[in-house]
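Welcome to this tour! Keep your viewer open and your selection tool ready, and we will go from stop to stop together.

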Amino acid sequence: KEAAAPLSVLARILFLLNLDEATHGSGSNIIKSILLSPNIHRITSYFGSTERNLSFWACRVLGVVSEFNNGQFRREIFDVFPWGHSALWPMLSMRRKDSSAEGYGLNNPPDIRTTLVLLILSFIHPSTHTSIKLSLLDKGDAFSSIFRDIGKDSYALARRILDVSWEGIWGDSRIPFGTKIAAFGDPVLTGISKLYGRYEEEGPKGEPSIAEIAHHFLLALCTRPGSGVCFKSRGWYPRNFDTRHKHLVPQDDHHTARRQENALYNRVLPAFVKTLKPNDDPRQQELVLKIFEAAPELIPGYWQASNMTLEPRLSSRWITNIALATNIIALPSPFWSFRSTTSRTPSSSAALAPYVHSPTPIQAILDSILPTTLSKAALVKGLRSSSAVVRHLTASLLAHSIKKVGEITEEMKRASEALEEDEATGSWAVGRQILLKEVQTRIPELAEISRMLDLEGGKSAHDAEGAGKNKKQKGKATPSTSVPIPPSRPPSTLVHEVASRLMLYYHQYLPNAAAESHIGLRNVVAPILEGEE
């Protein structure tokens, strides 16, 4: 307890001597005496002391020495730091209510957590030698531990952690890429994401909020293929898929499907993206969408892992979930992966690159554009809902899905023609037919859309149900579901417009489904004209 006073004096003296280059010589002599074996070991023994004041000043002295003269003695401090002390990491939870990194000075020193974090950050500062950074990153949780409670840190400290981490680690080209990836694992990313909850907190003097800074940090780290923790991938192609051979993935081989699900290029992002709350924060939704755009292979696994409630019901949770699902489905398809090029941008060289011999596994495409958690019966239930909001959102999601299917099948057709495949045996041609067939089994029948158009055009539920049955009988189509139509529901012009687009997309992109339904052009145009009247 008595040693706290001399340590505080020593820390303050060294702090002052570091302010002027003319006094660096005197400060260096004092530090050399401190680093002598008996003195430095006595100081480090105070870590974890029952007297918090003593632990604080011991840490403070080491921090000032590490910062002295741009890190002149940083290697010596790193080597004598008690990394294996059992009480070291609990110190990262010791903070006071009025703590602020802005008070890092003589009269208002920071709390224990802030002091210890600043000391650890000094070992990865841009001015620090790479060998010291690598030594710290090899210490296991020594680096990631400072992010566990970052959500409660002051603005200045949280921003300093992000700035130093980016510039000191990602800005150092001499640190191996694998070491950087290992350092920024799920605990670090999850810790940073906690700063999203501070979106109402404004930065000092017009500075952006800490939530905005954390958002751009994560965007730079997670959404740029080939940099940060986002690896370059092959779109919907799994990692173990050889595109040089002409083959299709068996649709009934569950073991093969499981191996493809586990064969991801991006191993860090799947666990992290599940922890985000895209429905609560527009920034987090932007991050999720950009991650999926950069790594489309993650979309199929997200539907199941996120536990999204897509069963149609008029609730705020369902509305936000279905809107997010629609935005994910509407993301651009990774057509660049269909060609033998690594370029993701549409350019002349990428457009001239030849198509690969094997199409994307059909199941991967299906699970990306039609959520596995949204069944055919649920879609019909949504289209028949008494709520115009539910009908509109369900129809809008279905329209985006079918339109995307059409775009994908058109690209697959171009690939088949470019490779001069046989329509009956070519891998792209067969894959296209399988995709169309599988999609048709997972969406409502065209008669359901025609019935919806009739209702939105002002017909009664009884008349629309009768018309739908007549159309089904004419086409000998099997009933899609036993979900009843509500006895009465007010027509909606907005829903009528989406239903009209759906009818168009069925005929344009799913010609087989339209042909089987025997709903001709007259049935398509008449309800639309009636709605305009």
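Start with a count: there are 15 salt bridges here, a salt bridge being a side-chain nitrogen of Lys or Arg within 4 Å of a carboxyl oxygen of Asp or Glu. You are viewing a predicted model, where local features need pLDDT of at least 70, side-chain atom pairs count only at pLDDT 80 or more, and totals for chains, interfaces and linings use all residues. Residues are numbered from 1 along each chain as its sequence is written, and side-chain values use heavy atoms, with hydrogens and water left out.

**Stop 1: a pair to select**

Select Arg74 and Glu67, whose side chains meet in a salt bridge (3.5 Å, N to O). Arg74 is buried at 3% relative accessibility, while Glu67 is partly exposed at 28%. For these words, buried means under 20% relative accessible area, exposed over 50%, and partly exposed in between (1.4 Å probe, protein chains only).

**Stop 2: along a helix**

Now go to helix 8 (residues 155–170), where Arg159 and Asp163 are four residues apart and so separated by about one helical turn. Helices (H or I, at least four residues) are DSSP runs, numbered from the N terminus. The closest N and O atoms of the Arg159–Asp163 salt bridge are 3.6 Å apart. Arg159 is partly exposed, with a relative accessible area of 25%, and Asp163 is partly exposed too, with 31%.

**Stop 3: a network**

Next, select Lys133, Asp172 and Arg174, which are linked in a network of salt bridges. Within this group, the side chains of Arg174 and Asp172 meet at 3.4 Å, N to O. Is Arg174 buried or exposed? Arg174 counts as exposed, at 59% relative accessibility, whereas Asp172 is buried, with a relative accessible area of 5%.

Thr130 is buried, at 6% relative accessible area. Leaving aside neighbours within four places in sequence, Thr130 is in contact (heavy atoms within 4.5 Å) with Asp172, Arg174 and Ile175.

**Stop 4: two packed helices**

Finally, show helix 3 (residues 37–44) and helix 4 (residues 52–67), which pack at an angle of about 130° with their axes 9 Å apart. To see who touches whom, select Ile40, Ile43 and Thr44 of helix 3, then Ala58, Val61 and Leu62 of helix 4.

Methods
Axes fitted to C-alpha atoms, helices over the stretch in contact; angles between N-to-C directions.
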